[in-house]
Each structure stands twice: as structure tokens, then as C-alpha cells.
Amino acid sequence: MTEKPDSQIDYQEAISYWTGVPATVDGVLGGYGPETPVPAMDIHGSMSFLRKLKSRMVPAPGMPRYSVDIGAGIGRVTKDLLVKVSDKVDLVEPVKPFVDKARMELAHLADEGKLGAIYEVGMQDWTPDQGKYWLIWCQWCVGHLPDEEFLRFLDRCVRGLQPNGTIIIKENNTIGEDDFDPQDSSVTRTDDKFRALFAQAGMKLIATDRQKGLPAELYPVRMYALKPAQST
């Protein structure tokens with residue numbers, strides 16, 4: 001019997017791989033650093049997606065726009081995107097060299113009171129405070145969670161949302177079937193698999209969009225905006 005791709009994920013192998021990667025934009029993006037269109041186009045696509053969702057993401061009265069950057073790496077998405085739409089941002093990142101670099105890169109945000117906590121843990125070990133977040137942003141990271149652990153992660157995220165809070169997942173998609181990558185011990189899921197897992201987790205997909213402007217040799221990248229089904 002063929003192993004499911006997600007059953008081959010090993011957290012420690014993933015941590016070992018990423019610990020050996022340079023704590024730079026080029027490192028965390030797998031060689032697609034500032035000299036390529038990837039970082040700028042990625043942020044442009046994410047910001048455009050958020051603008052389209054503006055009317056669906058109005059905070060509850062009196063609640064701050066508190067966000068969390070899951071799989072935050074060196075803080076690129078926090079610095080270039082999330083602080084521009086949020087009052088304060090937490091980070092979740094298990095790779096120590098990345099956390100150390102993020103603290104340096106985001107020191108000015110800490111001085112401005114816009115940087116919250118940095119949790120040096122993996123997604124599978126992170127439990128948000130109940131009702132804390134306006135936005136939970138997960139980018140290029142949930143491939144390190146097996147399907148069942150991903151469902152448990154989404155369940156914890158739902159409990160961590162403010163009223164009318166939103167979860168956004170931005171990930172590579174493969175075509176046809178899920179694909180395991182032994183190099184970093186991650187799985188790339190199909191669009192159909194993501195939609196099935198969201199439904200299984202009791203999430204409603206309120207919007208989705210394909211990232212434009214990335215090099216043709218890369219996997220397609222898709223953004224998914226989710227809310228708890230019972231709240232929509």
C-alpha cells in the first residue's frame with residue numbers, strides 16, 4: 001500500500017533543513033530573493049487580496065486589528081505586509097536562526113509598539129489565546145503539517161479568532177495529487193485537498209485568488225480566506 005504523502009512528514013527533519021538555510025530573504029524563499037520578482041509580487045498579491053476582503057474583515061467594536069504571522073521566518077511578511085494593515089503582530093516560528101534574525105529586523109516595530117510576542121514553537125505546538133486575533137496569516141508553512149494535525153491546528157486557530165476574525169492561508173498547489181518533498185519534509189497539496197480539509201474543519205471559504213507574477217517554474221500559489229462556518 002502506497003504511503004500517503006503527508007504521512008512522511010517529520011518535524012525534526014524539517015527543522016534541521018531550515019536551520020541550515022541562510023536567515024535571509026533569499027534563503028527563506030529558496031533562492032528567489034530580492035533580485036527576483038518573487039518578494040515584491042508576493043506582497044503585492046497579498047495586499048490586493050486583503051483589499052478585496054476589506055468589507056468582510058471589519059473588526060468587532062472596540063477590538064484591535066491584532067494579527068499573527070504563522071511560519072514567520074525572518075519576519076518578511078510581518079514587516080512588508082501585516083504591520084501595514086494591523087495594530088500589532090505576533091510571530092510563530094520554530095527555527096532559532098530565523099527568530100534571531102526576525103528580532104533584529106523587526107526591532108523598530110517593537111519600539112513603535114507594533115510587535116507583539118514571538119513564539120519560538122512549531123504550528124503543531126502553538127495554541128493561541130482565545131479570541132485574540134483579527135487575522136491569522138499562514139504562508140508557505142502548513143505543508144509541514146500532516147492532514148490530521150492541520151485539522152487540529154485549524155481548530156485551535158478558530159478558537160483564537162476575534163468575532164469576525166479571518167484565517168488566510170497562502171500556499172503552493174500541486175496538480176493531480178499531493179506531493180511529498182523529502183528535502184524539507186513537507187507536502188504540497190492540491191487545491192481540491194485544501195478545500196476538502198477546510199470543509200472538514202468546519203471552515204467556510206469566503207474568497208480565494210491565484211497569486212500572479214511569479215516565475216513559471218514555481219508551483220501555482222493560491223490564497224484562501226476562511227471564516228468559521230457558524231459565524232458566516
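Leaving aside neighbours within four places in sequence, which residues is Met123 in contact with? In this predicted model, the list reads Ile70, Cys141, Val142, His144, Leu145, Phe153 and Arg156. Below is a quick tour of Met123, the other annotated positions and the cysteines.

**Annotated binding site**
- An unreviewed UniProt entry puts its "binding site" label on Gly71, Arg76, Met123, Gln124 and Gln139.
- Looking at those residues in the model, Gly71, Arg76, Met123, Gln124 and Gln139 turn up in the lining of the largest pocket.

**Met123**
- You'll find Met123 in the loop that runs between strand S3 (115-119) and strand S4 (133-139).
- Met123 has 8% relative accessibility, so it counts as buried.

**Arg76**
- Arg76 sits in helix H4, which covers residues 76-85.
- Arg76 is buried too, and its relative accessible area is 8%.
- Not counting residues up to four places away in sequence, Arg76 touches Val25, Leu29, Pro39, Asp42, Ile43, Leu81, Gln139 and Trp140.
- One of those partners, Gln139, also carries the "binding site" annotation from UniProt.

**Cysteines**
- The disulfide count for this model is zero.
- For Cys138, the closest cysteine sulfur belongs to Cys141 and is 5.2 Å away, so it is too far for a bond; the cut-off is 2.5 Å.
- Cys157 has its closest cysteine sulfur in Cys138, and at 5.3 Å that is also too far for a bond.
- Cys138 is buried, with 0% relative accessibility.
- Cys157 is likewise buried at 0%.
- Cys141 shows up again among the contacts of Met123.

Conventions
Residues numbered from 1 in each chain as written. Predicted model: local features only at pLDDT ≥ 70, side-chain atom pairs only at ≥ 80, totals over all residues. Heavy atoms only, no water. Buried < 20%, exposed > 50% of the residue type's maximum accessible area, 1.4 Å probe, protein only. UniProt positions renumbered as here; feature names shortened; annotations may be inferred. 1 Å grid on protein atoms, 1.4 Å probe; cavity = no way out; pocket = protein on both sides within 12 Å on 5 of 7 lines; lining within 4 Å. Helix = DSSP H or I, 4+ residues; strand = E, 2+ residues; numbered from the N terminus. Contact = heavy atoms within 4.5 Å.
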